[in-house]
Amino acid sequence: MTQPHNQSTASPAPTPKELREQVEQTRQELGQTVEALADKADVKTRARVKATEVKEQVAVRAGELKAKAAGVAQQVQDKLPDPVRDRAAQVAEQARTKAGQAGQLWQEKAPEPVREKATLTAQAARGNRNVLLAAAAGAAVVWLACRRRKG
């Protein structure tokens with residue numbers, strides 16, 4: 001006892017145009033799936049992307065730490081008594097003078113590859129001048145404190 005076929009309950013057969021559209025949509029989905037799988041399989045590119053992300057995070061963190069160090073250096077300088085600050089400035093000037101003299105001698109005597117590496121290092125030190133000055137001021141304070149205890 002089969003029921004007669006009712007047109008209203010059965011879906012009509014798709015037209016050739018609809019079939020072509022379905023095939024095209026399936027091709028696009030398949031292409032996207034293959035592309036996604038290829039991306040997952042490309043370990044070298046994924047590693048490069050991850051390395052770039054980590055590099056950017058490190059750069060941000062380094063900037064934060066540099067700003068924090070500069071703030072601490074400023075606090076240390078603000079707390080130093082004037083005579084200590086003046087003496088630290090004198091010592092720093094003497095150090096700059098001696099460093100200039102040593103640099104002249106270095107330029108005359110050192111081989112070229114060594115000079116290039118030293119130049120890069122000096123540029124990095126100049127970029128962190130505030131931190132170096134704070135360290136020099138701290139060293140001067142320690143030196144003066146030790147000197148007072150002995151005398």
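**Entry 1. Overall form**

I take the radius of gyration over C-alpha atoms, and the rule for a globule is 2.2 Å times the number of residues to the power 0.38. With that in hand, I looked up the value for this protein, which is a predicted model. A compact globule of 151 residues would come out near 15 Å, but I find 36 Å here. I then turned to the principal axes, along which the C-alpha trace spans about 120 × 45 × 25 Å.

**Entry 2. Confidence**

The mean pLDDT of the protein is 81, and 92% of the residues reach 70 or more. Which helix has the lowest confidence, and which the highest? I find the lowest in helix H4, residues 112-127, at a mean of 78, and the highest in H1, at 89. I keep a caution in mind: where pLDDT is low, the predicted coordinates should not be read in detail.

**Entry 3. Secondary structure**

I counted the elements next. The protein has five helices and zero strands, and I read its pattern along the sequence as α-α-α-α-α. I noted the ranges of H1, residues 16-41, of H2, residues 43-79, and of H3, residues 82-109.

**Entry 4. Surface and burial**

How much of the protein is buried? I find that buried residues make up 7% of the 151 residues.

**Entry 5. Charges**

I looked up the charged side chains and recorded 26 positive and 17 negative. The centres of the two sets lie 14 Å apart. Side chains of opposite charge can pair when their charged atoms come close. I therefore searched for salt bridges, with a cut-off of 4 Å between a side-chain nitrogen of Lys or Arg and a carboxyl oxygen of Asp or Glu. The count comes to three.

I began with Glu24, which forms a salt bridge with Arg27. The closest N and O atoms are 3.9 Å apart, and this pair counts because the cut-off is within 4 Å. Both residues lie in helix H1, three residues apart, or about one turn of the helix. Are the two partners buried or exposed? Glu24 is partly exposed because its relative accessible area is 38%, whereas Arg27 is exposed because its value is 56%.

I moved on to Glu64, which is joined to Arg61 by a salt bridge with 3.3 Å between the closest N and O atoms. Both residues belong to helix H2 and are three residues apart, about one turn of the helix. I find Glu64 partly exposed at 42% relative accessibility, and Arg61 partly exposed at 46%.

I then examined Glu93 and Arg96, whose side chains meet in a salt bridge at 3.1 Å, N to O. The two are separated by about one helical turn because they are three residues apart in helix H3. Glu93 has a relative accessible area of 42% and is partly exposed. Arg96 also counts as partly exposed, at 49% relative accessibility; it does not count as exposed because that class requires a value over 50%.

**Entry 6. Distances along the chain and in space**

I looked up several residue pairs, C-alpha to C-alpha.

I find Gln22 and Val49 to be 27 residues apart in sequence and 35 Å apart in space.

Lys44 belongs to helix H2 and is exposed because its relative accessible area, 62%, is over 50%. From Lys44 to Asn130 I note 86 residues in sequence and 40 Å in space.

Gly71 lies in helix H2 and is partly exposed, with a relative accessible area of 33%. I record Gly71 and Ala88 as 17 residues apart in sequence and 19 Å apart in space.

Note on methods. Residues are numbered from 1 along each chain as its sequence is written. This is a predicted model: local features need pLDDT of at least 70, side-chain atom pairs count only at pLDDT 80 or more; totals for chains, interfaces and linings use all residues. Side-chain values use heavy atoms; hydrogens and water are left out. Helices (H or I, at least four residues) and strands (E, at least two) are DSSP runs, numbered from the N terminus. Buried means under 20% relative accessible area, exposed over 50%, partly exposed in between (1.4 Å probe, protein chains only). Lys and Arg count as positive and Asp and Glu as negative; His and the chain ends are not counted. The place of a charge is taken as NZ of Lys, CZ of Arg, CG of Asp or CD of Glu. pLDDT is the predictor's confidence in each residue, from 0 to 100.
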